[in-house]
Amino acid sequence: MKHLRSIDELGVDGIVRILNLADHMVEVNRRPVPKVPALVGRTVVSLFFEDSTRTRISFETAAKRLSADTMTFSVSTSSVNKGESLRDTIETVSAMGVAAFIVRHKTSGVPWQLSDWTDASIINAGDGWHQHPTQALLDCHTIRTELGRAASADCLAGVRIAIVGDVRHSRVARSNIQAFTALGASVVVVAPRTLLPPEVHTWPVEVTSNLDEVIGDVDVLYMLRMQRERMNEALVPDLGEYSNRFGLDRTRATRLRAECLVMHPGPMNRGVEMMVDPSDLARSVITRQVSNGVAVRMAVLFDVLGEANSEVSS
Amino acid sequence: MNGRDMNTVNIVGGRIVDSTTDAQGRPADIHIVDGRIAMVATPGATLPAAATVLDASNAVVSPGFVDLHTHLREPGREESETIETGSRAAALGGFTAVVAMPNTDPAQDSRAVVEFVREQGRRAGLCEVVPSGCITVGRAGEHLVPYAELMKSGVTLFTDDGNGVQDPLLMRRAFEYSSDLGITMAQHCEVSRLTAGAVMHEGSCCSHLGLPGWPAIAEELMVHRDIELVRITGGRLHVLHVSTARSVDMIRAAKADGLPVTAEVTPHHFTLDDESLRTFDPVFKVNPPLRTMADIDALKAGLRDGTIDAIATDHAPHADHLKEQPLDAAPPGMLGLETAFALAVGELGMDLRSVLACLSWNPARIAGIGDRHGRPVAEGEPANLVVLDPGAAWVVDRGLVASKSRNTPYHGRSVTGRVRHTVSNGRAVVIDQVAQR
């Protein structure tokens, strides 16, 4: 695989391949010295046009454990602020000899535009509201390992997942819905109509605005972050009303099935969508998502840049 | 060769199709002297000698095209286009007149700017450049422009194109004030509060791509508002770049009510849909956005039944570096002048005469230049003519466009229908697909 830009492009075979590799990387991470020489001499650049310290550190940790050289191109200190175009930026940094770019941008589609202007691999670390494929992969990995299932094309069969919150503006929701349904899960999205995407009936999901209707009935409760600036766009009346209808509070927590996993892509808005402390929940796997993130990103980097990929290693 | 000879052109072997002929047209040879058609002769008759002889065998001779909607970018954005380069693209596309949109810098809201644009067009000498005027000062939507003053410079079409006039009171006043001046308000219909940050059509494709959507209703609300304002004020409305099925329905109903409403559609809106954005290529970003197949069908039906009067290009050049930005930052717009005829004749399934009506005599009337463009091909008429190969196939190549910018969405597309020669004001400005200046 040359690039990882979306779950659609990766396909179900690609997802299974990454999940199998991730098992191996989990084992590497358990070693006393969690480091292998797989990517020695390869340079991986984090090209973050939008701040995300957590995702960037996760990727850079993954790259270092595979012995790649890592660089960070941060927009706040770069010439992008002096009016340099997207194309000039990627062409200039590419000329230094880069094997892969890890790209985060506030606008959908930028990873596709960039891959027209560089020979390096592009790994999408989040583009606009569109895709965040490594988040989806680490979430699939987390769910199926918690369920004790081996990676396969139907390893989430029979699993019912509720995704709650601002689906309209969420790249996490878009990539997770593709990945979850590709592996056989059924998904219900829970949100007011204002936070659902247009034409949501064309999505492969059930839709409801009543969290209480589904909360006792799902295997995974996936809470999305509610951004405070949505209040300024008349998308919800106020945060209190949002919390009352869509937040996970103590009452709702008691209605969760005992084995229901609670997940969140982070960073959490405590007091908005999370009205309970995750540590008070029987099966919160939010911290597990973060640690799995490193292993899954190691798997992605290895898949894109490893020996098997002659297109890149030539 | 004397000066008189320089001003003579013969067009030989063609078949005339104009507003007075049927779709088949009639074979004739044409002799042009000093900007006017001096003789229309039966084939084989001996014409006076001419300095330039244009071969029209197996081709159609038609009145030249008139574009109601051209962005020439001068003054202010000469990195993307100039009046000269845009005029050259127009002539190659068969246009003998283009209406220059007013979103220049400074905007076309004063006689000084309007006269400058007209004069630059005259200097380029490739087609007539007809300046439009702004509806509001600086296109800012706050104060009316002195319309009667601009009329002294020949302006009859007023628009804030790029912006719709948002304030309903101001628009009501514009229609009322202009209602006895014989001028037309051309509206860019977009309620901007509904399109903030929008990149593409709001629909299932935008939903999947996670791009901010431009909903159809943002256009339709303003089409409705302006039709109803025309009904109570007696003003005259031209709807620019109609893009949705319901807009077509409303315009059809307004015409049935006898209201003075006209409309145009662009070639890109009847040939491309929102799925093009799946490539994330900003060349497909345009305002209003590419819509759905259902909208395309409605726009074609509107052209066929006369609801939509004209095909207009919304030719909107942007330099490469402006388009090579993320989709939200890249400016909207695409080239149109050099591909309009091929897309119209090749993709609409309409007979040639109906296509020519939409490209020539209908827009000439709307632009207020029907005294010199879109005229019948007859003795004594101004010689603004085009010679066409309706069946000629070619491939669009962004590297070969005459425009200063290259943002055509049709790069690599095979199309049918080509402009062979263009005669502007009696001079052969395009001969065998080559601009002569």
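This is a predicted model: local features need pLDDT of at least 70, side-chain atom pairs count only at pLDDT 80 or more; totals for chains, interfaces and linings use all residues.

Modeller: Residues are numbered from 1 along each chain as its sequence is written, with chains lettered from A and ligands numbered from 1 in the order in which they are written.

Helices (H or I, at least four residues) and strands (E, at least two) are DSSP runs, numbered from the N terminus. Contact between two residues requires their C-beta atoms, placed from the backbone, to lie within 7 Å.

Two strands pair if DSSP finds at least two bridges between them; strand E1 (residues 43-48) and strand E3 (residues 100-105) of chain A run parallel and are joined by 5 bridges. At this pairing, A:Phe48 faces A:Arg104 of E3(A).

The loop that leads from strand E9 (261-263) to helix H10 (286-305) of chain A contains A:Pro267. The peptide bond between A:Gly266 and A:Pro267 is cis, with omega at about -10 degrees. Most residues other than glycine have a negative phi, and most peptide bonds are trans. Chain B has a cis bond as well, from B:Glu74 to B:Pro75, where omega is near 5 degrees. B:Pro75 is placed in the loop between strand E6 (65-70) and helix H2 (83-92) of chain B.

Helix H6 (residues 171-182) of chain A has 12 residues and spans 17 Å from its first C-alpha to its last, close to the 16 Å expected at 1.5 Å a residue; the expected span is 1.5 Å times one less than the number of residues. Because 11 of its 12 residues are buried, H6(A) is largely enclosed by the rest of the structure. Among the buried residues are A:Arg171, A:Ile177 and A:Phe180. A residue is buried if 20 or more other C-beta atoms lie within 10 Å of its own, exposed if 12 or fewer, and partly exposed in between, with C-beta atoms placed from the backbone. Just after H6(A), A:Gly184 has a positive phi of about 100 degrees.

H6 of chain A also reaches the partner chain. In all, 20 residues of chain A are in contact with 16 residues of chain B. On the side of chain A that touches chain B, two or more residues each come from helix H3 (86-94), helix H4 (110-115) and H6 of chain A. H4(A) supplies the largest share of that side, 3 residues. The residues of this side divide into 7 nonpolar, 9 polar and 4 charged; Ala, Val, Leu, Ile, Met, Phe, Trp, Tyr, Cys and Pro count as nonpolar, Asp, Glu, Lys and Arg as charged, and the others, Gly among them, as polar.

A:Ala234, in the loop between strand E8 (220-223) and helix H8 (239-246) of chain A, has a positive phi near 60 degrees. A:Ala234 counts as exposed because it has 8 C-beta neighbours inside 10 Å. In chain B, B:Asp34 has a positive phi near 50 degrees, within a hairpin of E2(B) and E3(B) that has 2 residues between the strands. Those strands pair in the antiparallel sense over 5 bridges, and B:Ile32 has B:Ile37 of E3(B) as its bridge partner. With 12 other C-beta atoms within 10 Å, B:Asp34 is exposed.
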